[in-house]
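This report describes selected features of a protein model. Please examine the sequence and the structure shown below before reading on.

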Amino acid sequence: MVDEITAAPRNASMAMADLTASQLRGCMRSLLGILSLLLILMTPLAESAWAQGEEVASAIRRYREHEVSTGYYEEYEVKPRRMLPLVEIPGVRRGLFPYSPSAAKVRIRTRLADSHQSIRFYERARCEKCHIEQTRDIHTVRANLTCRQCHGGEPIASIDHYYSPMNPIRRHAYVCAKCHEGSSASFASYVVHTPNPADMDTRKSFPALFYVFWGMVSMTIGTFLFALPHAALWGVRELFIKEEKAEGETKD
Amino acid sequence: MRPKTRIRRFTPLQRLFHLCLLLSFLTQGSTGLARLYIETSWGQGLAWVFGGYETCRTIHIYVGIFLIFLFLTHILYLFSKIKWKEFPRCLFTPDSILLQPKDIKDLIQHMLWFIGRAEAPRFDRWGYWEKFDYWAVFWGISVLGITGLLLAYSLIATRIIPGWGLNIALWVHRIEAILAMVHVFTIHFFIAHLRRHNFPMDRAMFEGSVSLHHTRNEKPAWVERLEQEGKMENALVPEAGAGRRALFLLFGYCAVAIGVFLLIGGMVNSPYITW
């Protein structure tokens, strides 16, 4: 009896234990189910964890529709033809006046297949966080291009990496010709990220721009330093002329 | 018949040149500034007038090409006006628009007169400031026309110049355009409208003639020369009627209003754009 009495709760507790064990197992199973479902759900989402994937262009217009590349890059000459000797293309062709627009810049990752190799937190940051100077060009500011429309998807190769689409020997065909149909190597030597022409650094990195800029600015300032006081003094002096009115005529 | 109180100064063709130049200059100024200032609401408003950022570019390019043709036509016109029989001499008469030593003398004497140190110079047909304005347009159209063509047809242009030349062309185009606009909207408008001699407006370029009386004061050498050579009779014309005068005044002040609007808007908004 005693046994029975004691057995009952024991059985009950055993039943309880059984219950909790099976419940636990059920819980675990559904938890695993949810987790694996989450995992499956997250796989397509994984891409968007790249902060730079959010890039959206165009308040003014979308340029993707302007990308007219045929995809047949062989259509474009890699080496420039029919160019005058003056046409100097940095990295491709020496002209009479050798010149390299970005030679004077101190850059370290210029020949990597992935220029951001092992840069921490690169995935979570947007381009402009680290490259603020490069956001001030006409393509980005006015034409509303995104960085990747030129620099491409991951990995972003260094400009001078041999197989980089940005390498001057093929930049015109692989990058610029997407929008500027028929672009030549000479055209592609346009300095997209134009340095501030007034800057002293530009004297080294882009001397022609620097000197022409300051030449034009001094001409402008010189003109107005003369013309504004000249006009002002003239205006004042004329107030003191004594002029007789002619008869029968309106004022000229 | 109204009394003949004015001297003929510009032919209808010359006035047409000026009118075309005026209209296309204002168009180029507005569409160009609309594009330069597209980041600001002022620039967007300006671009809206012309149908947006891209249409501004189209208008700017075609009006620019029109200006280049106007310029070439004007050069042909100049060659047709040179009296080839008296060839090199005819370039240095007082009627010539070429800069001459007398202009330097006039300029110095004029500035001494501003500060009361000399008599007013006796200007002939073209004052040195008028010659300067005329040749400044030559310089401006050449520089803006060439850099503009390079930028507009950049793919063809980079066969002749290297691509990085476009960076330079763009800055030259900008600075020259700003120089031209500030000069026209301040100095040129001041001299033609606000100066007491011309207030409220110098109608010479619209009406084609200037008041004999006023010109006798400002350009005595010209008037005397006309009288001595016996050409005065032929040169005199009557004044335009009140309706046409009012039209000239209205048109002139519209141009001034647009110019001042562009000048002030451009200055106020200049810190807010990426240059």
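Strand β1 of chain B covers residues 6-8 and pairs with β3(B) in the antiparallel sense over two bridges. Strands, like helices, are DSSP runs numbered from the N terminus (E, at least two residues, for strands; H or I, at least four, for helices), and two strands count as paired if DSSP finds at least two bridges between them.

The three strands form an open sheet in chain B with the order β2-β1-β3 and antiparallel pairing. Because β2 (209-211) and β3 (236-237) of chain B each have a single partner strand, they stand at the edges, and one side of each is left without a neighbour in the sheet. In general, strands of a sheet pair through backbone hydrogen bonds, either parallel or antiparallel.

## Helix α5 of chain B

Which residues of α5(B) are buried? They are B:Asp103, B:Asp106, B:Leu107, B:His110, B:Trp113 and B:Phe114. Seen down the axis of α5(B), these buried residues fall within an arc of 125°, so they line one face of the helix; the arc is that of the directions from the helix axis to the C-beta atoms. On the other side of α5(B), B:Pro101, B:Ile104 and B:Lys105 are exposed. Buried means under 20% relative accessible area, exposed over 50%, and partly exposed in between (1.4 Å probe, protein chains only).

The buried residues of α5(B) pack against α8 (207-238) of chain A and α6 (128-152) of chain B. Just after α5(B), B:Gly116 adopts a positive phi of about 75°.

## Where the two chains meet

In the interface, 60 residues of chain A are in contact with 60 residues of chain B, contact meaning heavy atoms within 4.5 Å. The two chains bury about 5400 Å² between them, 64% of it on carbon and sulfur atoms. Buried area is the accessible area (1.4 Å probe) that two parts lose on being put together, summed over both.

Two salt bridges are counted between chain A and chain B. A salt bridge requires a side-chain nitrogen of Lys or Arg within 4 Å of a carboxyl oxygen of Asp or Glu. A:Glu238 forms a salt bridge with B:Arg195, with the closest N and O atoms 2.7 Å apart.

## Conventions

Residues are numbered from 1 along each chain as its sequence is written, and chains are lettered from A and ligands numbered from 1 in the order in which they are written. Local features of this predicted model need pLDDT of at least 70, side-chain atom pairs count only at pLDDT 80 or more, and totals for chains, interfaces and linings use all residues, while side-chain values use heavy atoms, with hydrogens and water left out.
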